[in-house]
Amino acid sequence: MMRMFCAITLGAALSCAAAGAEEFGTIETTYAGEGRTWFTISMVQDGETLASADLSEGRMGLVNLHLQGHPRPTFTSSDVLSIDATFMGEVAAGAEPMTLEIMYLPEGMSGPIWTSQDAPTPPMIVLETLETAEAGQVGSVAATFAGEVCFRASMREEPDPTNCNTIEGRIDSQLLFE
């Protein structure tokens with residue numbers, strides 16, 4: 001839930017200058033049997049680079065990978081795909097996350113969402129390559145992922161494990177290191 005708050009904060013910052021957003025990478029998917037492409041984006045605001053694809057170090061050796069895809073290479077608050085993984089210690093190709101959540105927000109935060117939380121089949125991600133960088137610099141990530149996302153009427157409701165769609169895809173994106 002904290003990552004979702006961070007995504008909303010990033011979204012608010014990006015929405016202030018959406019016209020200046022640029023493509024940072026792609027998330028190619030098959031969702032509910034249909035091919036889709038989402039774009040990670042970046043922009044410079046007040047001399048600082050902001051990106052919807054980042055890797056950040058948290059407390060107690062936790063490392064968070066956050067990828068937020070938009071239907072076009074510009075900020076949108078709806079039709080957003082979010083992939084959040086938490087790792088313990090150093091992250092490299094082949095590392096397995098402690099936690100992973102895939103979330104699709106067709107109507108943004110206000111409408112129903114689709115989440116892998118409590119789905120019958122747990123999601124998975126395979127980091128194929130991870131080019132690391134210093135804090136504030138840009139590296140890259142290539143990965144594949146798959147899972148089920150289940151309907152959730154609102155952020156306050158529990159997911160319905162009987163109403164799920166499959167999602168699988170490939171991530172090829174630059175990655176801002178925080």
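Me: What is the mean pLDDT of the protein chain, and how many of its residues reach 70 or more?
Reply: This is a predicted model, and the mean pLDDT of its protein chain is 89, with 89% of the residues reaching 70 or more. Over residues 1-17, however, pLDDT stays under 50.

Me: Why is Asp-79 called buried?
Reply: Buried means under 20% relative accessible area, and Asp-79 has a relative accessibility of 17%, so Asp-79 counts as buried. Asp-79 is placed in the loop between strand 5 (62-69) and strand 6 (80-88), and, leaving aside residues up to four places away in sequence, Asp-79 touches several others, among them Arg-36, Trp-38, His-70 and Tyr-104. Two of these, Trp-38 and Tyr-104, also form one aromatic cluster together with Tyr-31.

Me: How many aromatic pairs does the structure hold, and what makes the pair of Trp-114 and Phe-151 edge-to-face?
Reply: The structure holds 3 aromatic pairs. The ring centres of Trp-114 and Phe-151 are 5.4 Å apart, and their planes stand at 70°; since rings pair with centres within 6.5 Å and planes over 60 degrees apart count as edge-to-face, the pair is therefore edge-to-face.

Me: Which parts of the chain does this pair tie together?
Reply: Trp-114 lies in strand 8 (residues 113-115) and Phe-151 in strand 10 (residues 138-152), so the pair ties together parts that are 37 residues apart in sequence.

Me: Are Trp-114 and Phe-151 buried or partly exposed?
Reply: Trp-114, at 13% relative accessibility, falls under the 20% cut-off and so counts as buried, whereas Phe-151, with a relative accessible area of 26%, lies between 20% and 50% and is therefore partly exposed.

Technical notes: Residues numbered from 1 in each chain as written. Predicted model: local features only at pLDDT ≥ 70, side-chain atom pairs only at ≥ 80, totals over all residues. Heavy atoms only, no water. pLDDT = per-residue confidence, 0-100. Contact = heavy atoms within 4.5 Å. Helix = DSSP H or I, 4+ residues; strand = E, 2+ residues; numbered from the N terminus. Buried < 20%, exposed > 50% of the residue type's maximum accessible area, 1.4 Å probe, protein only. Phe/Tyr/Trp six-rings, centres within 6.5 Å; stacked < 30°, edge-to-face > 60°.
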